[in-house]
Structure formats: structure tokens, C-alpha cells
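Open the model in your viewer and keep the selection panel at hand. The tour goes from one selection to the next.

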Amino acid sequence: MDQFLQQMVNGISLGSIYALIALGYTMVYGIIKLINFAHGDVYMIGAYVGFAATTYAQLGFFAAMVISMVSCALLGIIIERIAYKPLRTSTRIAVLITAIGVSLLLEYVMMFFVGAEVKSYPQLLSQKVFNFGAVQINMQQIYIIATAVALMVLLQYIVHRTKTGKAMRAVSIDPDAAQLMGIKVDRTISITFAIGSAFAGAAGVLVGIYYNSINPLMGIMPGLKAFVAAVFGGIGSIPGAMIGGLSIGVLETLVSGYGNSMYRDAAVFAFLIIILILKPTGLLGKNTREKV
Amino acid sequence: MKALTKKNLLILGSILLSFAIVQGLIMAGLLNAFYEITLATICINIILAVSLNLVTGFTGQFSLGHAGFMSIGAYVCAIINMEMRSTSGFLLGIFAGAIAAGLVGILIGIPTLRLKGDYLAIATLGMAEIIRVLFLNMEITNGAAGLSGIPRFTNWPWLCLFTVATVVLINNFLHSSPGRACISIREDEIAAESMGINTTKYKVMAFAIGAFFAGTAGALYSSYFYIIQPGRFDFLKSIDILVIVVLGGLGSMTGSIFAAILLAILTTFLQSFTAVRMIVYAALLVIIMIFRPKGLMGTTEINDLFSRRPFFGKKDERIE
């Protein structure tokens, strides 16, 4: 039982990170129906920006995270403007291939500049460990969960209580009608990319302090898993992404804890395929019928 | 229609001629080992690209898991070949590898091909990852270290034979009734269905044929390069194949062949800068999609360029 609780704690902290990345996927998918494959790499760049801020500029945790979020937001806007905007009217397969291209471009440009080797993150937080019975929670986990919860509350506020959020919801329902109502669609899409990417940047810094190591290809797997999380929760749904992220995190730690950690990634993908077959719209997704 | 038309004889003649020229160069020792490897890569990539094009370009089902099928062919062939170190073992290995990949293709295809577009892409990607993780953990495949010391039977005549056979078979399939059914699914799945085409059946058929030939390519690969590891058949390998298909044009056989040759030459030039190679690949992918989303050849074939039929007069063909 203690071991199970411990696994749950680990799973929830990992899951919070997935949830933060999954939010970016789900928001972008909700608004322009694109699986932004480059999202996992924005998260990788966020981790590197945080690394640079803490190692070279000697900044603290919060400053590093804010810098990382701002730079990722800018990167997200630039990617959208350069790579996706010209393809707004193309087929979805073309945009998907572009997204894969952008993803590879970010990975290998980064590898070209910082090298392929793993870099170790500085210790930003104290190594204090709290004991609740036999369950241990360390400082990093508390920071991860707290940051994730704070950002999700902020996102809910933006989406449901602000004018920008209203515009985002309107564009995701019907871009043409939204435009006719005087909503600046391009600007709204840029803001969506900015928010999603900023969350990925925050997740990057959190992963850096949690696992202590970063490399240019670190974005691929968490990116894919966060996508699985978004699909599980129902792609396009923000609460769905949160639930999905936490579930994938818990599933992954349970498989490593009780089964074989080598099968961790396979379990996540098997889970994805089962969801897609049984309930393709995910837990909270809306069912749409295809019309001719 | 006669099989021995002037056109077919011309094609046969040019294939035999190019085979003889390369074989002559190898026998005369003019082609060093480095170029031979490039040649083998070209042939294997042509098989992979043409088979993926059948699935993605002609049937319109976006698959990101082609490397998974390739790895099945590679492992099955390697295991059989290491037990039976003879040419018959090699051929049996290729056959068994291709059949195994095709069967897995059917097994994977039946549930996943109900999905569309992005979801299918991600499901096939997941399948390929699961296959890779299984190979990484199985006893018989020797885990992450992979299999080494696979006897080398793949040589230029075999490569040429299998490449030509793949291209001819897939081309013939596309000009058959099931092949046209596949193309109609790409054009409009709902319309195809209402015309009485069993879309699931033809999608799975295309997927299985694609997997079969990917398995063949994997088998040739394992027998040529001595060593196979699960890491060589990851997500990036699937992307590599996709880049060839997209560059050549989704729905163009000759486009895939040209792109495979072009990219192999590019890779050879960029051999000493691996990092730059991937940057070039990625940039190429983005630039092609922005400026020429149909790839170099679009859906036209090389003979369309020479025929009197105006190839640019074709209607806008798109996949979704």
C-alpha cells in the first residue's frame, strides 16, 4: 500500500508535466485542427533556455521559468507565422508533414548549436524530503505540482473569463463565423500558440529540475506521450488534457513500478491504441459526424 | 493487351542495361565499397518509399509506422539466415520476413484503419514504437545490442531483382481493380463507399501489401549491413521514408524512385556532417510543404511527361 501511494505521488508529479505539455497540444488542435508535432521540441527548447538562464545568468527558479515561458511563447508565434500560416488552406496531411519537419528542424538545429551530449541541470531547489508515513515527497515534486496547478488555474481563467479566451473559444467553434463577428482570427491563433508554448516552456524547466538532465532529443518521447494524454482526455478539451496527463503519468509509473520499466513506453502507446479504437473522441471529447 | 509491347520491351531493355552496367562496374572493381553501400541504400529506400507511397500516396492513409514493418522483416530474415547460412536460407528469410510483416500489417490494419488522418498517423506511430520496444526486450532479438554477424547474401543482382519486382508488382496492383479502388478511397472515402467499395477491405489490403514490401526491404537491409538493432528502426526511420515519399510526390511511383536516388546522393555528399544532413532534411520537408505541397512530381508519373496527354491538365488531386 505504501509503495502504491509512493508510486501515485511520483505518477502525479510526472503526470503534471505531461498535462502541461498536453494543454498546448489540445489548445492548438482545438483551434486549427493540427497535431503540432513541434510542440515537444518547444518544450525541449524551454528546458535549454532555463538551463542557460540558471547556469550562465545565475538566475533562480522562478526567474528562469518566466524567461523560458516568454521565449517559448515567442518561438511558438514564430513557428506558427512561418510554417503553419501559409498552409492554413492546405490539406491536413500537408500541415502535419510540415509540423514533423519543424520538429526535426528544431531538434537538429539545437543539436548543431549545443551538441548532442546530455547536459546536467543545476540544483535549483533544496533537496529537502518530506515524509508522510512511508510516503516521501521531495521539494521538486511539490514545486512541479504547485506550478502545474497554478498554471492550469490561470489557463482556465484566461479561457473562460477574459475576452481573449472568448475569442479563442469562438475561433475553435467556427473560424469563419468568428471572423465575421469581428474577431481577429490570426491574432487569436497566435495567442493560442503563445500560451500553449509558454506552458511547454514551463514544463521544460520543471523536467530539467526533476530529472537533472537535458538533451536535444528529449522532446520526442514526452511530446508523443503528452499527445497520447491529450487524445485520452478528448483532444480539444482543456480539462481533458489535465485528466489525460495525470492518467498517463500514473500509468507510466505504475508500469515501471510493478511491471518492467522497459515496457513503459509500449504501455502508453498500447493504451493510446485501445482508446482510439474504443472511444476515438477520448473521455471528454465531442462526437462529430462526418458530413458529405 | 500484349505483354510484350514496344514500351514494355523498352523498359525491360533499359533495366537490363543499367543492371549490366553497374554489374560490370562492380566486376571491374571501379565501384568502391562506399558507392556500393550507397547503391544498396538507394535500392532499399526505393522499395520502402514505393511501398509507403502505396499506403500514403495512393490510398491516402497516413502511416508513420513503416519502419516497424521494416524491422519485422529485418529480424525474421536475420534469425532464419543465421540458422541457415545459405542462399536458400536467405531467400526463405526474405520470404518469411515479408510474410510476417504483411501479417502484422493485417493485424494492425484491421483495428487502426478505421481511424482517419491524424489519428491514424499517431496510431501507426504507436504500433511501430510497440514493435520496437518488443524487439528491445525479447530474448531472441538480443535486446538493445541487436543481432550481429548476419551472413551477407544481399548483393547487387538480388537488390536489383527485388527492387524491380517491387516496383512492377505495386505498379500492376495500382492498375488493377483493387488498386483503382484504393485510389478512389484517397479521392473521397465517402463517395467510394457509396459506390459499393468495401473501403476497410481495400485499406487493409493496401496496408498489408505496403507492410509486405517494407518487410522485404528490411530483410535485404539486415542481410546487407550485418548488424541490426532496434534503435535503427525508430520513429526517425519512418520519417526518413516519409521524406522520400513526400519529396517525390504523394501518389507518384517514379517520383518516389527519383527522390530515393536524389536523397541518397544528398546523404552521400553530407556524409561527414550528420547534423547538417538532418537540418537539410527537415528544412526540405517544411519548404516543400509550403511551396510545393504535392512534392516534386505531384501525382504524375514520368511517362505522363512524355505522353501527349497534358499532365498539368489533371484536376487538383488531394488527400484527405
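This is a predicted model. Begin where the two chains meet: 36 residues of chain B are in contact with 35 residues of chain A. Select those residues of chain B and see which elements they belong to. Helix 4 (87-112), helix 5 (117-137), helix 10 (235-248) and helix 12 (274-291) of chain B each give at least two residues to the side that touches chain A.

Next, select helix 5 of chain B. The largest share of the side of chain B that touches chain A comes from this helix, with 14 residues. Now colour that side of chain B by residue class: 28 of its residues are nonpolar, four are polar and four are charged.

Followed from the N terminus, the elements of chain B run α-α-α-α-α-α-α-α-α-α-α-α-α. The radius of gyration of chain B is 19 Å, close to the 20 Å that the globule rule gives for 320 residues, so chain B is as compact as a globular protein of that length.

Switch to the C-alpha trace of chain B. Along its principal axes this trace spans about 50 × 45 × 45 Å.

Last, look inside the chain. Of the 320 residues of chain B, 48% count as buried.

Conventions
Residues numbered from 1 in each chain as written. Chains lettered and ligands numbered in written order. Predicted model: local features only at pLDDT ≥ 70, side-chain atom pairs only at ≥ 80, totals over all residues. Contact = placed C-beta atoms within 7 Å. Helix = DSSP H or I, 4+ residues; strand = E, 2+ residues; numbered from the N terminus. Nonpolar A, V, L, I, M, F, W, Y, C, P; charged D, E, K, R; others polar. Rg over C-alpha atoms; globule rule 2.2 N^0.38 Å. Buried ≥ 20, exposed ≤ 12 C-beta atoms within 10 Å, placed from the backbone.
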